[in-house]
Amino acid sequence: MASDKILIVMAAGSGVRMGASVPKQFLDLGGKPILRHTIERFLSAAPGIRIVTVLPKEYVPYWKDYCLSNSFDCPQTLVQGGITRFHSVRNALGRVPGGCIVAIHDGVRPLLSADLVKSMFERMESGSCRALVPVVPTVDTLKVLDIEKDPSGNGQHLVCHPGEAVDRSRIYGAQTPQMFLSDDIKAAYSQPYDVAFTDDASVAQKKGIPLSFCEGERYNFKITSREDLEMARLVVTSWSR
């Protein structure tokens, strides 16, 4: 049975690590801001989806002006971000009704496929799960390292302890979108903030909501550095050929 679908797109970061004049979600990617690419992915995969866009307070007018001047006629509910990602999501959930499916996605993950979005919504609509998280297997060899002070007192160095290993076959990286039943995730975000909340799934898990997982996508990476942005531009260019 079809359910109403809502996207909360998280774009409240300042992007200071990128060193650009505007936050990274507004940087150009193939002639459009990264944030627009992200939203359009969901619009193509789920026509009629309702969009809640979370922005830095000082950039709400900026985004409004961009959408108006560039004919990006996508109805959006604009919400101001909070002091942490947790508080930003909580602000957005205040604009979400009960009885729907909520996808929470990073605004700077613009390269996910429509197929991933469609398949995740289909699985949520089937009633087979209450929370769905895309994951990708770790491909690098992992090392357990500690930071120790140099005996000379000049700086620090990394130390690997012999015999302490990580089973790579059991380690996966979590991506977004992470999808939930709106009543579940709204209840989860009523909990007090905890530094252990590193994503929405961790908030849901602490509330006792069972998590299900699906295969994510390598191209669905989060743009956090200039190198990431250059990689994304190469991908977009290759798609347009």
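This is a predicted model: local features need pLDDT of at least 70, side-chain atom pairs count only at pLDDT 80 or more; totals for chains, interfaces and linings use all residues.
Student: What makes S7 and strand S10 (residues 172–174) a pair?
Tutor: Pairing takes at least two bridges. S7 and S10 have three bridges, in the antiparallel sense, so they count as paired.

Student: How do you know that S7 pairs with strand S11 (residues 178–181)?
Tutor: Two bridges link S7 and S11, which are antiparallel. The cut-off is at least two, so they pair. In this part of the structure, alanine 131 is opposite phenylalanine 180 in S11.

Student: What joins S7 to strand S12 (residues 212–215)?
Tutor: Four bridges do, and the two strands run parallel. Proline 134 lies opposite cysteine 214 in S12.

Student: Why is S7 called largely enclosed?
Tutor: Because six of the seven residues of S7 (residues 131–137) are buried, the strand is largely enclosed by the rest of the structure.

Student: How many disulfides are there?
Tutor: The count is zero. Cysteine 67 is in none, and its nearest cysteine sulfur, in cysteine 74, is 7.3 Å away.

Student: Are cysteine 67 and cysteine 74 buried or exposed?
Tutor: Buried means under 20% relative accessible area. Cysteine 67 has 9% relative accessibility, so it counts as buried. Cysteine 74 has 10%, so it is buried.

How values were computed: Residues are numbered from 1 along each chain as its sequence is written. Side-chain values use heavy atoms; hydrogens and water are left out. Buried means under 20% relative accessible area, exposed over 50%, partly exposed in between (1.4 Å probe, protein chains only). A disulfide is a pair of cysteine sulfur atoms within 2.5 Å.
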